[in-house]
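Hello,

Here is the structure I promised you. Please open it and keep it beside this email as you read.

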Amino acid sequence: MNGDMKRVALYIHLPFCARKCAYCDFVSFPGQTDRIPAYLDRLAREMRSAVGWYGPLAADTVFLGGGTPSLLSGEQMKRLMGDVGRFFEIAPDAEITVEANPGTVDAEKLAVFREAGINRLSLGVQSFDDGLLRRLGRIHTAREAEDAARMAAEAGFSNLSLDLMYALPGQNMSQWTDTLERALDLPVKHISCYSLILEDGTPMKALIEANPELLPDEEIAVGMQHEAARRLAERGFSRYEISNYALPGFESRHNLVYWRRGDYLGLGCAAHSLMNGIRFANTPSLEGYLAGEGAGEADVLSARDVYEETVMLGLRTREGVEAALLPPDRLARLCGAGLMAVDGGRARVTEAGADVLNAVILELV
Ligand code: SF4
């Protein structure tokens with residue numbers, strides 16, 4: 001690989017879903033899988049224009065996110081990865097992740113994904129409780145999620161990640177710890193734990209507005225986060241980002257680029273990019289994207305924007321931020337309150353600080 005080539009993290013958005021989940025406000029479209037071939041054509045055209053614009057690009061990580069990228073057939077995935085390899089220089093040890101919904105994979109498809117060069121699978125499990133899965137509007141059962149994880153391991157995915165959600169309506173602590181234990185019984189190297197966020201316009205938000213008592217209170221939600229951190233730590237998973245836990249060496253290299261504000265190029269409908277200090281996003285309209293619409297307005301970041309992003313993203317991670325960047329008086333106050341600590345020139349939130357991360361960030365930006 002040419003050492004002078006610009007290196008990026010490559011993100012490709014595949015916005016197709018079998019059905020819309022009750023809590024989801026991502027750019028994703030149910031019932032449009034017949035448009036996948038045209039979408040792959042359009043992606044190839046976008047790849048060609050990206051390298052025309054930036055010159056040759058090398059990717060150390062590729063992330064196929066969605067939507068539900070695993071709705072692609074094995075053949076469609078081979079075609080997509082073939083195009084990626086044709087237009088970009090992919091590092092031999094690149095981390096290549098695909099997000100998968102357990103309701104959309106079988107052993108055969110997983111084997112073809114592996115052959116196509118995918119080496120990391122991120123399974124959207126959310127819960128191992130069938131009642132909660134139904135309430136979330138997921139298309140799979142707990143058993144199907146376990147089967148998918150085991151099939152993935154058998155297909156050769158040694159780098160397997162699960163997404164879990166907590167603070168769900170009607171969820172109690174024992175349902176959450178049961179989900180954590182069932183996740184830990186699977187051959188996984190990485191686990192993400194996200195608290196449910198009520199997004200405007202979703203059926204989930206309407207459900208909670210009508211039945212606010214269903215939502216676990218703040219104290220229980222924080223307790224669930226503590227329980228995850230404790231149980232995962234006992235099994236060797238370290239919390240390298242506020243919502244992400246990994247066994248040593250299995251941190252998501254792709255997501256670390258986002259948190260470190262490295263260059264990333266997003267392709268596909270609604271995909272976001274940060275290239276050479278400029279942020280931009282593609283149209284969120286599937287029609288528009290297929291018809292050839294490109295990125296909307298670019299956002300050239302000011303020094304103030306860069307500072308705020310650095311603090312907001314850096315404090316989410318165990319790496320923290322350079323202490324010298326932060327206002328000394330406010331940093332001293334936060335350290336005095338036990339919410340932050342400085343070590344080796346890096347400032348990080350403590351465990352207590354992680355519980356009130358947004359307040360800590362607000363104090364610094
Ligand atoms: S599978 Fe993911 S992207 Fe699709 S609707 Fe559900 S949460 Fe949204």
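Which residues are around the ligand? They are Cys 17, Lys 20, Cys 21, Cys 24, Phe 26, Ser 28, Gly 66, Gly 67, Thr 68, Asn 101 and Gly 124. Nonpolar means Ala, Val, Leu, Ile, Met, Phe, Trp, Tyr, Cys and Pro; charged means Asp, Glu, Lys and Arg; the others, Gly among them, are polar.

Two notes before you go on. This is a predicted model, where local features need pLDDT of at least 70, side-chain atom pairs count only at pLDDT 80 or more, and totals for chains, interfaces and linings use all residues. Residues are numbered from 1 along each chain as its sequence is written.

Next, the domains. The assignment (automatic or from a database) gives domain 1 (6-259) and domain 2 (302-365). Their centres, taken over C-alpha atoms, are 28 Å apart. Six residues of domain 1 are in contact with eight of domain 2. Contact means C-beta atoms, placed from the backbone, within 7 Å. On the domain 1 side, strand E9 (residues 238-241) gives the most, with three residues. That side has four nonpolar, no polar and two charged residues. Helices (H or I, at least four residues) and strands (E, at least two) are DSSP runs, numbered from the N terminus.

Now the helices. H1 (residues 36-54) packs on H2 (residues 74-87) at about 10 degrees, with the axes 10 Å apart. Axes are lines fitted to C-alpha atoms, for helices over the stretch in contact, and angles run from 0 to 180 degrees between N-to-C directions. H1 and H2 are therefore roughly parallel (an angle under 35 degrees). Leu 40 and Met 47 are among the H1 residues that meet H2, whose side includes Leu 80 and Phe 87.

Gly 74, Met 77 and Lys 78 of H2 meet Lys 109, Val 112 and Phe 113 of H3.

Last, find Leu 10 in strand E1 (residues 6-14). Is Leu 10 buried or exposed? Leu 10 is buried, because 28 other C-beta atoms lie within 10 Å (buried needs 20 or more, exposed 12 or fewer, with C-beta atoms placed from the backbone). Leaving out residues up to four places away in sequence, Leu 10 touches Ala 59, Thr 61, Val 62, Phe 88 and Leu 265.

Best wishes

Conventions. Two residues are in contact if their C-beta atoms, placed from the backbone, lie within 7 Å. A residue is near a molecule or strand if its C-beta atom, placed from the backbone, lies within 6 Å of it. Angles under 35 degrees count as roughly parallel, over 145 as roughly antiparallel, 65 to 115 as roughly perpendicular and the rest as oblique.
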